[in-house]
Amino acid sequence: MKILSSLFSGKEDAEEENRLIDVDEEGKQLYKQDIIQFVVEELEKRKRERSPLEQQWTLNANFLSGNQYCDINPYRGDIEQLEPVYDWLERETFNRIAPLIETRIANLKKINHIMKVKPRTNELDDYAKAEVSTAILRHTQSVSDFEGKNNTMIAWNELCGNCFWLSWWDKDKGEEYARETIVGVDADGKEYKKEVAVYSGDLDYGLLTAYEVYPESIFKQGVDGQRSIIIEQVKTV
């Protein structure tokens with residue numbers, strides 16, 4: 001809770017926690033701590049609701065790797081190994097699942113993907129913007145490891161049934177246009193100065209596995225039908 005609070009604003013004092021953020025449709029004032037508390041509680045609720053699906057994904061991974069003498073324990077909510085009925089009983093497994101999945105992945109990898117932006121309207125200005133956006137996307141695709149990410153996406157899609165692309169603006173990418181000096185204090189209390197580069201920024205993208213995405217309802221197939229989606233990721237300091 002404190003980590004999420006510090007990421008929200010960088011301060012943890014009482015004045016900052018009671019800072020007014022917004023007002024809802026009913027006119028109720030929403031403070032920073034109220035929003036954080038709601039997100040945390042909503043995330044835990046969605047985790048509980050989706051737990052059976054995640055157990056099935058883990059079971060699928062065991063079957064894919066050849067560990068087929070296991071099942072979901074409905075009481076503990078984890079995967080347990082199934083022991084032989086008798087000590088003298090020998091068991092061998094012929095993995096029929098892995099060859100099927102590997103064949104499907106190999107066929108899907110043969111598809112060439114080219115990024116393209118469609119114009120929103122029939123106006124010439126929208127067509128021009130779409131062409132510029134398409135050129136930017138194809139440049140990003142050519143200079144990034146798109147093929148490697150796409151192959152990873154295919155594998156996750158076969159295992160869990162879905163995988164997500166996420167794009168964002170990375171301020172630490174692009175061309176270097178300036179340098180600035182940062183003054184600070186280290187853990188020992190000593191002052192330090194270091195020179196860092198300032199970049200123009202660039203578009204970046206990556207993958208989100210199904211384990212990191214928590215939609216409002218698991219019974220709605222499309223993203224458009226979700227009122228909210230929580231993304232949970234472990235980030236470095």
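A residue counts as exposed when its relative accessible area is over 50%, as buried when the value is under 20%, and as partly exposed in between. These cut-offs apply throughout this tour of the structure, which is a predicted model.

Within α3, K45 and E49 are four residues apart, which is about one turn of the helix. K45 and E49 form a salt bridge, with 3.8 Å between their closest N and O atoms. How accessible are K45 and E49? K45 has a relative accessibility of 34%, so K45 counts as partly exposed. E49 has 41%, so E49 counts as partly exposed too. The pair belongs to a network of salt bridges that links E42, K45, R46 and E49. For the model, the count of salt bridges comes to 15.

With a relative accessible area of 31%, V39 is partly exposed.

The relative accessibility of G66 is 30%, so G66 counts as partly exposed. Which residues does G66 touch, if those up to four places away in sequence are not counted? The answer is T93 and N95.

The next part of the tour concerns two helices. Helix α4 consists of residues 97–109 and helix α6 of residues 146–160. Their axes come within 10 Å and cross at roughly 145 degrees. The crossing is right-handed. On the α4 side, the contact is made by I101, R104, I105, L108 and K109. On the α6 side, the contact residues are N151, I154, A155 and E158. Sorted by class, this contact has five nonpolar residues, one polar residue and three charged residues.

Leaving out residues up to four places away in sequence, I154 touches I105, L108 and K109. I154 is also one of the five residues of the largest nonpolar core, together with I101, I105, M153 and C163. Which elements give two or more residues to this core? They are α4 and α6. A residue has to be buried to be part of such a core.

Between these two helices in the chain lies helix α5, residues 124–143, which holds T140. Is T140 buried or exposed? T140 has 6% relative accessibility, so T140 counts as buried. Apart from neighbours within four places in sequence, T140 is in contact with L203 and Y205.

The last stop is strand β6, which runs over residues 176–185 and contains Y177. Y177 has 58% relative accessibility and therefore counts as exposed. Y177 touches V198, Y199 and S200, when residues up to four places away in sequence are not counted. Along the chain, Y177 and S200 are 23 residues apart, while their C-alpha atoms are separated by 6.7 Å. G66 and Y177 are 111 residues apart in sequence, and 53 Å lies between their C-alpha atoms.

Note on methods
Residues numbered from 1 in each chain as written. Predicted model: local features only at pLDDT ≥ 70, side-chain atom pairs only at ≥ 80, totals over all residues. Heavy atoms only, no water. Axes fitted to C-alpha atoms, helices over the stretch in contact; angles between N-to-C directions. Left-handed = near helix turned anticlockwise from the far one by under 90°. Contact = heavy atoms within 4.5 Å. Nonpolar A, V, L, I, M, F, W, Y, C, P; charged D, E, K, R; others polar. Buried < 20%, exposed > 50% of the residue type's maximum accessible area, 1.4 Å probe, protein only. Salt bridge = Lys/Arg side-chain N within 4 Å of Asp/Glu carboxyl O. Core = buried A, V, L, I, M, F, W, Y, C linked by side-chain atoms within 4.5 Å.
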